[in-house]
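Good morning, everyone. Please look at the sequence and the model on the screen.

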Amino acid sequence: MSLNIETLNPQELAALIKRANSRRKVLAKRKPAAQTKAAVAKVLKASGWTFEELYGKAGGSAAAAAPKKARKAAKGRSTGKVPPKYRNPANEKDTWTGRGRQPRWVAAEIANGRKLEDLLIK
């Protein structure tokens, strides 16, 4: 979170300082993370459990522990060739599959009053 304190008026700045001081007090009351981790490890050891058995591997969930199938990257993924659906009446070589952005010739034909159905390959 980025906050430009130069733009705050005196009341907003005082409120911010008050909130920051109360947050600092809350954080000061906390035990250090290393001390808390040691206490949790001690309780787990006494009960015969490990952290991984209860919660899965560190940084993941228990469901994430199951092996995952390799997945193809979405970028560059090929969905196969698709036959063209539309043909340019002015130039028979210009075709369009109907996927992706409309070619300029399709947009020009539609702007001239033709319907997309008129350009279908029969």
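Let me start with a term: a contact means heavy atoms within 4.5 Å. Take Leu119. Leaving out residues up to four places away in sequence, Leu119 touches Lys85, Tyr86, Arg87, Pro89, Trp105, Val106, Glu109 and Arg114.

Now the ground rules. This is a predicted model, where local features need pLDDT of at least 70, side-chain atom pairs count only at pLDDT 80 or more, and totals for chains, interfaces and linings use all residues. Residues are numbered from 1 along each chain as its sequence is written, and side-chain values use heavy atoms, with hydrogens and water left out.

Next, the layout. The protein has four helices and two strands. Both are DSSP runs, numbered from the N terminus: helices are H or I, at least four residues, and strands are E, at least two. The order from the N terminus is α-α-α-β-β-α.

Look at helix α2, residues 33–47. Its expected span is 1.5 Å times one less than its number of residues. For 15 residues that gives 21 Å, and the end C-alpha atoms are 21 Å apart, so the two agree. After α2 comes Gly48, with a positive phi near 90°.

How much of the protein is buried? Of its 122 residues, 8%. Buried means under 20% relative accessible area (1.4 Å probe, protein chains only).

Which residues make up the largest nonpolar core? Tyr86, Trp96, Trp105, Val106 and Leu119. Such a core is a set of buried Ala, Val, Leu, Ile, Met, Phe, Trp, Tyr and Cys residues joined through side-chain atoms within 4.5 Å.

How values were computed: Buried < 20%, exposed > 50% of the residue type's maximum accessible area, 1.4 Å probe, protein only.
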